[in-house]
Amino acid sequence: MTMKQTKKVALLGMAGALALFTAACGNSNNAGNTGGSGNSEETITLNMMHPWTSPNVDNEVYKARIAKFEAEHPNIVIKQDGVPSAQYKTKLRTLAAANNLADINVVWPGADLEPLVEGSLVEPIDSLMDNWKSILPESALAGFNIGGKQYAIPTKQTFVDIIYYNKEMFAQVGYTEFPDTYDKFIDAVTKLKAAGITPISLGNKEQWPLQSSYLSILGDRFTGSDFLTKVVNKEAKFTDPEFVKAIAVIDELTKLKAFNTDANNMDSVQGQDYFIQGKAAMHISSSTVDARIRINNDEGDKFGIALFPGVEGGKGDPVKSAGVVQYGIAIKSGLNEKTKAAAEEFMKYFVSEDLYKELIRNGVVVPATVEIPGDASPYLKEMLELTGKGTAPVFDSIIPTQVVDVVQNGIQALTIGRGTPEEVAKDAQAAFDQMN
Amino acid sequence: MHTLKQNKLAIFIGLFPALVIYLGIAIIPIGISLYYSVMDWNGIGKMSFVGLDNYSRILTDDTFWLSVQNNIVIMLTGLVGQLPLGLIMAMLLNKGLKGSGFFRTVGFMPVVISSVMVSLIWGMIYNTEYGMLNSMLAFFGLESWQQNWLGDMKWSMLSISVAYIWQNCGLYMVIFLAALQNIPDEVNEAAELDGATGFRRTLHITIPMLRSTIMVAVVYSISNSFRVFDLIQVLTGGGPAHQTEVMTLYMYNSAFMNLRYGYGSAVSILILVFSLVVISIVNRIGREKDA
Amino acid sequence: MNKKTPLFKVMAYTFLSLFAIMNIIPIFWMIVNSFKEEQEYAANPFSFPTTLHFSNYTKAWEIANMNIYFLNSLLITFVSLIVTVLLGSLAAYFLARFTFKLRGFTYALFLLGMLVPIHATLIPIFLIMQKLSLIDTYFSLILPYTAFHLSLTVFILEGFMRGFPKDLEESGIMDGAGVFRIFWSIILPITRPAMATVVILNFIYNWNEYLFALVLITSNSLKTLPLGLANFVGVETASYTLQMSALTIALVPILIFYLLLQKQLVTGMTAGAVKG
């Protein structure tokens, strides 16, 4: 082979590479290979992507429900793609970028859903809403309603701000009941600390606990429930004094050394375990983890649940709990007629009163107003009672992710003694302003 | 060299298949990233061209420079920690010692262990209250030395570095072991006859003969240190408050968590550029020594 | 070579033993906990199991879908490995032992692949695979695994091959052997330790690869083991003990593979092989 030939080949290779490159860059606007295989037997395959892989009770309920649907609908096959929950969003976003979503998807409400709607990747389901009118309150649907259209139906409700507390430890410092005012709460923290007990176990490595479980409800107690929406609509600012006061609580707790020393290097599960092991008096987390703390624990009796107490001069209602609906089921847009009909059929069947009842029976809180079965766990009944008096919004379901990121880092910095609540508020507002 | 160099057809046949797969799958994505890096794009909707905006924003972000600094710490750790340790292990386990096979196997264990385990294990070593390290210090009466190893920003990068050395030094041990096989026994024996002692023999004969492998290991180590992700993700998540963040984490958070895909792509291009710069500097130094 | 002094031996063994302990304890701890109940682990991660829950292993096998994923992982790992090492060693040979015009450029190109942060390539690779209609097939993993590890393979092998004496091929040329013959019967045999190195590295990287498998595969029947191993952790929940059982199972093939190959690492070139 001569030198010229070599050059030619090299050029050819580069050209081929370039062709591939431009091809990949050109936005792929084909609707994608949708599930409808459309063969003569009329079997329709629906692809479904969900994060229900871990061995939880609610995941088992979902999978059983899917199996039941398939049994009753022999002409529809649900092809499941179970994605480990920690990376579910990474996959969802990659598929979204390539306009290649599954036919049925599990989506998160609010700020997470918005880009999918803006990109017209999910289908409005307003025509199906009669199905859920009687059992789902508007509050359960609001997070999946964008621009007046409904895009998904939630299966589960999570209250993120449950305070699990160790009754013995509180009794030891003179509290037989959980403190019902902020001052008493701080007093309890101080006394626990003095008694050599770590007041609160926190696992904040992933950063969302302080934001979701703490700031959501602290904010609500000080500012009231409409504040976050107002911020998004630019009628209020993070720098408003009430909200700064809410952030300052985290600063105050840090200064009282209320958290375990390793709070920032432990994940949320390790935070739970620390509490279960009796190394701390309180743990603030979601209603979901009651399974690990009490329901499946032989010694679950020693733990009680409570909500964060009201604060003096606060605009919020102290009986409210911060809750968010989870696992919205959404249909991909642009499906062909048959596939779409099948997907709608699935959705009506899957998210139904039966599913909610089954979940409750297994100790899972649901957004629907359905009767509580007699055999539900007493712990669950206690949980439902505690959280049933009104719902406050969860911070990251309203506020855009970029701002959430700034806030999470800001309040984490407070726990290592860097920055001030005012600065966190200022940075958050700046990040928000920059987006618009 | 020799007459073989004339054989252009053979060279072409030898390189072509590898290059096709490689260019098509590994190089094109870099081109695509370069394209995204000059776009404002949330990963879903419409893109808009913003020129070098992403780059100028990144380069004026303190958090980014903090992550660069942390990457440099990791890189130096790799170079002064992993490589010498790997080399020492390889030389000890090369020949002669009884039980070498066993030690060669356990020496490699941390490389294959899953990052979940790395996280759990080092979390327990470094834990302030009941961690093994602090307990050991207490055992020796050194309570004043106890630290919040991962949470205190004075110590966190150092602690991560130690875990990083532990995790990867087996990798270099294997590479050096392989290289040592190509030093003929005669060379060592000749040196011994000359009365060269073990240490001098290592310095003057073995190391120079490993020169090209050492360069390979150095470049590999640098490239690994710029791409480190899992270890830090599982140990600290880049926190507290960005203190242990590295560029890849910064990139991932921007692109996938904060939905700034164009911005994230620009970070990935910068990672590439930075590692190229460092590697070419190192290469130059390596070549000068050669002369 | 066996003229080590006693002092040297004591020091060497002390050093090696410390090192070994640091590396074995984690594995030991993992195996101990893999037999415990989750609540037992939550209450005290350092305790020994009160009873050995062997059922953890069957549960873990099921949750991680190992029936299917294990074979997929083996298949994808080995196919990628073979293609990578075959193409990579050939490319390395030409880059190391020949001079030609684009040598430097080609070499630099291969180096580039070692520097790309893998997360940045997720969406681009997805788009390419979509264009090639390969999404959700074995090829969608084999191709990226091969491409990205070609970098490392070429890079390491080239470094080794370049270090061989310059007159190595002379005997082959005298015998009138062609380039590929020389590659096969002179270069490859003495590259064995280095080949063992890259084979081991490729095996580990392919076996543990997670991100590409995560986004490029959607069918359950095609998924690989690392995806199954992540099935144990939910958003706020985790089954650590079951996960440790699964991790222990997943470690076995790597260890067997390494044990088989580590002998190759230290049986390389003998003086005889060079004479040819």
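# Exercises on contacts and salt bridges

In this predicted model, Asp81(A), Lys91(A) and Lys223(C) are joined in a network of salt bridges.

## Exercise 1

Solution. 

Step 1. The closest N and O atoms of Lys156(A) and Asp58(A) are 3.0 Å apart, and a salt bridge requires such atoms within 4 Å.

Step 2. Residues under 20% relative accessible area count as buried.

## Exercise 2

Describe the salt bridges of Arg292(A) with Asp273(A) and of Asp290(A) with Arg294(A), and place the residues in their helices.

Solution. 

Step 1. The side chains of Arg292(A) and Asp273(A) form a salt bridge with an N to O distance of 2.9 Å. Arg292(A) lies in helix H12 (residues 290–295) of chain A and Asp273(A) in helix H11 (residues 268–276) of chain A; the pair, 19 residues apart, links distant parts of the chain.

Step 2. For Asp290(A) and Arg294(A), the N to O distance in the salt bridge is 2.8 Å. Both residues lie in helix H12 of chain A, four residues apart, or about one turn of the helix.

Step 3. Arg292(A) and Asp273(A) are buried, and Asp290(A) and Arg294(A) are both buried too.

Step 4. Over all chains, the count by this rule is 24 salt bridges.

## Exercise 3

Locate Thr288(A) and state which residues Thr288(A) touches beyond those up to four places away in sequence.

Solution. 

Step 1. Thr288(A) sits in the loop between strand S9 (280–285) and H12 of chain A.

Step 2. With a cut-off of under 20%, the relative accessibility of 19% makes Thr288(A) a buried residue.

Step 3. Leaving out residues up to four places away in sequence, Thr288(A) touches Lys156(A), Thr158(A) and Glu236(C). Lys156(A) is the residue that forms the salt bridge with Asp58(A).

Step 4. Thr288(A) and Ile146(A) are 142 residues apart along the chain, and their C-alpha atoms are separated by 27 Å.

## Exercise 4

Characterise the packing of helix H3 of chain A with helix H12 of chain B.

Solution. 

Step 1. Two packed helices are described by the angle between their axes and the distance between the axes.

Step 2. Helix H3 (residues 88–97) of chain A and helix H12 (residues 247–257) of chain B pack at an angle of about 60°, and their axes are 10 Å apart.

Step 3. H3(A) contributes Thr90(A), Arg93(A) and Thr94(A) to the contact, while H12(B) contributes Tyr252(B), Phe256(B) and Met257(B). By class, the contact comprises three nonpolar, two polar and one charged residues.

## Exercise 5

Describe the interface of chain C and chain B by its area, its polar pairs and its residue classes.

Solution. 

Step 1. The contact involves 98 residues from chain C and 92 residues from chain B. The buried area is about 8500 Å², with 80% given by carbon and sulfur atoms.

Step 2. Between chain C and chain B there are zero salt bridges, but 15 residue pairs are in polar contact across this interface.

Step 3. On the side of chain C that touches chain B, helix H1 (residues 6–33) of chain C provides the largest share, 16 residues. By class, this side of chain C has 74 nonpolar, 18 polar and six charged residues.

Note on methods
Residues are numbered from 1 along each chain as its sequence is written. Chains are lettered from A and ligands numbered from 1 in the order in which they are written. This is a predicted model: local features need pLDDT of at least 70, side-chain atom pairs count only at pLDDT 80 or more; totals for chains, interfaces and linings use all residues. Side-chain values use heavy atoms; hydrogens and water are left out. Contact means heavy atoms within 4.5 Å. Buried area is the accessible area (1.4 Å probe) that two parts lose on being put together, summed over both. A polar contact is a pair of N or O atoms within 3.5 Å; within protein, one must be able to donate a hydrogen and the other to accept it, and residues adjacent in sequence count only if both atoms are side-chain atoms. Helices (H or I, at least four residues) and strands (E, at least two) are DSSP runs, numbered from the N terminus. Ala, Val, Leu, Ile, Met, Phe, Trp, Tyr, Cys and Pro count as nonpolar, Asp, Glu, Lys and Arg as charged, and the others, Gly among them, as polar. Axes are lines fitted to C-alpha atoms, for helices over the stretch in contact, and angles run from 0 to 180 degrees between N-to-C directions. Buried means under 20% relative accessible area, exposed over 50%, partly exposed in between (1.4 Å probe, protein chains only).
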